Amino acid sequence: MRCPRWQPLLLFVLLSMLMAAPVFAEEMTPEDSLQDVKIDREATPAERSAVAEEMKQAATAIEPESTSGIQSSGTFNLKEAVLKALADNPSIEAVRRGATSAEESRKAARGSFGPSLNTTYTALHTDRSSYNTHNTYLWSVKVSQPIFTGFKLLATYNSAALTAQSKDLALGQAELNLIFLVQQNFINLLTARENVESAKDSVERLASQLKVAQAFYDVGLKPRIDVLRAEAQLSEAEDTLISAQNKVVIQEARLNTLLNLPVNAHINYKGELAYFPFEQPLEVSLDTAAHYRPDILIARKATEISQEQVTVAASEFYPQVSASVEWTKTGDGLEVNGFDNSGNPTPLSETTVGAKASWDLFSWGTTYFATTSAKQTVLSNKASEANTWQEAAYQVKSRYLNIINAAKRIKVAEKTVAAAEEAYRMAVARYQAQVGTNTDVLDAQADLSSAEASLITARGDYMISVASLYNATGRKVPGLTTSDVINQTGSGLEADIAKDLKNDVAADSTDDTGAQN
């Protein structure tokens with residue numbers, strides 16, 4: 001069977017279309033469709049300078065918001081910032097009010113020891129006539145004085161007094177935590193500022209290297225890739241600078257809130273990261289925590305309060321004795337002037353003096369089990385007190401070791417920075433002498449920036465570690481910027497502990513003498 005003549009022609013057309021399709025697809029790729037205008041020349045030095053200027057402007061794009069309409073301003077160093085926060089922070093005021101409330105409760109418990117005065121006025125109406133009247137009015141005044149309550153009043157007062165002391169310690173704990181929070185954020189601000197300066201130095205070094213690489217490329221001594229890598233490194237450094245500047249603004253806002261200032265207030269927080277020798281021994285730090293740390297003292301007060309509650313619960317085992325004096329006046333009128341049977345008022349009044357004793361002899365074990373429950377609470381609080389001390393000792397030891405670790409890191413980082421600076425200087429010199437590569441320069445620059453960041457972090461961690469140790473020992477040291485403050489405070493702590501030990505020895509001696517007599 002013969003094929004029609006048009007079929008070979010159709011087959012030829014189809015094969016031609018299939019063979020042309022890949023060529024057409026290759027010629028019309030999306031990338032080529034976007035490259036209608038091709039750049040046939042390299043950027044001029046003027047154009048590159050314009051781009052570099054735009055990058056620098058982008059690096060300084062993040063600035064604090066305008067504070068022209070805000071009145072708050074001033075200058076604070078670390079110590080001044082801490083004192084300002086202690087005076088004005090709302091959280092401290094809230095805890096202070098709680099301590100005041102506990103003190104008023106103590107005074108209320110103290111009032112239970114004194115007599116109470118009570119007056120009563122009563123109006124009665126009866127069906128039976130008495131003294132030719134159906135109305136009777138009584139007025140009485142009574143003075144009551146508790147004599148013996150099974151030590152309940154004394155234990156209640158002691159419990160209230162211990163609670164007031166515990167609230168004062170809670171205020172000290174809140175102040176201690178606020179001090180550390182301000183110090184930590186202040187040091188973080190100083191660290192952020194140091195990082196900004198380091199990032200600026202990195203940008204300047206990379207910008208200088210970009211100029212050198214561009215100059216070599218313009219005269220045909222170096223390849224285009226050196227310029228591109230320098231530009232990429234410069235962009236990364238500018239991004240790091242922007243992040244560092246943003247961190248500074250955030251830390252300033254955080255400090256403003258801690259000092260109870262407007263968040264956008266323009267405040268000059270002055271200071272610098274500094275290394276100062278910390279010479280307080282670990283044993284002194286542990287003794288200091290045992291004497292002054294608020295949470296340990298609060299746990300100790302909780303145990304003492306629970307012991308007083310045992311006395312309160314056991315007071316029902318004893319009789320309750322009280323005395324009273326009551327004066328009563330009766331009458332048939334609102335004036336309570338007596339009863340008028342013959343036209344003349346007849347005063348009717350009496351005075352009663354007495355004592356009352358009551359004793360619950362059996363209550364189905366209510367008092368016994370309540371006392372047993374209170375004793376178990378004492379044991380629980382003693383266990384919590386021991387655990388609090390163990391946790392405090394761990395915190396003191398770990399933070400003390402953090403100080404030593406940070407101090408070692410500072411020494412290592414200082415050596416690393418010195419070596420990185422020399423390596424960078426040599427890499428730049430070798431590149432400019434055309435015996436080194438651009439990669440060597442960029443690697444040396446990256447090493448130098450990393451070493452500077454490590455040194456800054458180590459210095460900041462050292463200061464924060466010192467602040468955290470003082471927080472763990474329960475001592476308030478607002479300023480941490482000079483070694484004099486640290487050493488004087490350490491000497492003061494040792495003197496306080498020595499004084500406490502001396503007083504304890506004197507008290508023991510007095511007790512022994514009294515026992516012998």
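Good morning. A residue is called exposed when its relative accessible area is over 50%. Please keep that cut-off in mind as we look at this predicted model.

Let us begin with Ala-94, which is found in helix 5, residues 90-110. Is Ala-94 buried or exposed? Its relative accessibility is 53%, so Ala-94 counts as exposed. In sequence, Ala-94 and Leu-171 are 77 residues apart, yet in space their C-alpha atoms are 9.2 Å apart.

I turn now to helix 6, which covers residues 152-218. At 1.5 Å a residue, its 67 residues should span 99 Å, and the end C-alpha atoms of helix 6 are 97 Å apart, which agrees. After helix 6 comes Gly-220, with a positive phi near 80°.

How does helix 6 pack against helix 7, residues 224-258? The angle is about 160°, and the axes lie 8 Å apart. Angles over 145 degrees count as roughly antiparallel, and therefore helix 6 and helix 7 are roughly antiparallel to each other. In the contact between helix 6 and helix 7 there are 23 nonpolar, 9 polar and 9 charged residues. The crossing of these two helices, helix 6 and helix 7, is left-handed.

Finally, the largest nonpolar core. This core has 78 residues, and those with the most contacts inside it are Val-182, Leu-259, Tyr-269, Phe-278, Tyr-462, Val-466 and Leu-480. Among the elements that give two or more residues to this core are helix 4, helix 7, strand 4 and helix 10. Which element supplies the largest share of the core? That is helix 6, with 21 residues. Thank you.

How values were computed:
Residues numbered from 1 in each chain as written. Predicted model: local features only at pLDDT ≥ 70, side-chain atom pairs only at ≥ 80, totals over all residues. Heavy atoms only, no water. Axes fitted to C-alpha atoms, helices over the stretch in contact; angles between N-to-C directions. Helix = DSSP H or I, 4+ residues; strand = E, 2+ residues; numbered from the N terminus. Parallel < 35°, antiparallel > 145°, perpendicular 65-115°, else oblique. Left-handed = near helix turned anticlockwise from the far one by under 90°. Nonpolar A, V, L, I, M, F, W, Y, C, P; charged D, E, K, R; others polar. Expected span 1.5 Å × (residues − 1). Core = buried A, V, L, I, M, F, W, Y, C linked by side-chain atoms within 4.5 Å. Buried < 20%, exposed > 50% of the residue type's maximum accessible area, 1.4 Å probe, protein only.
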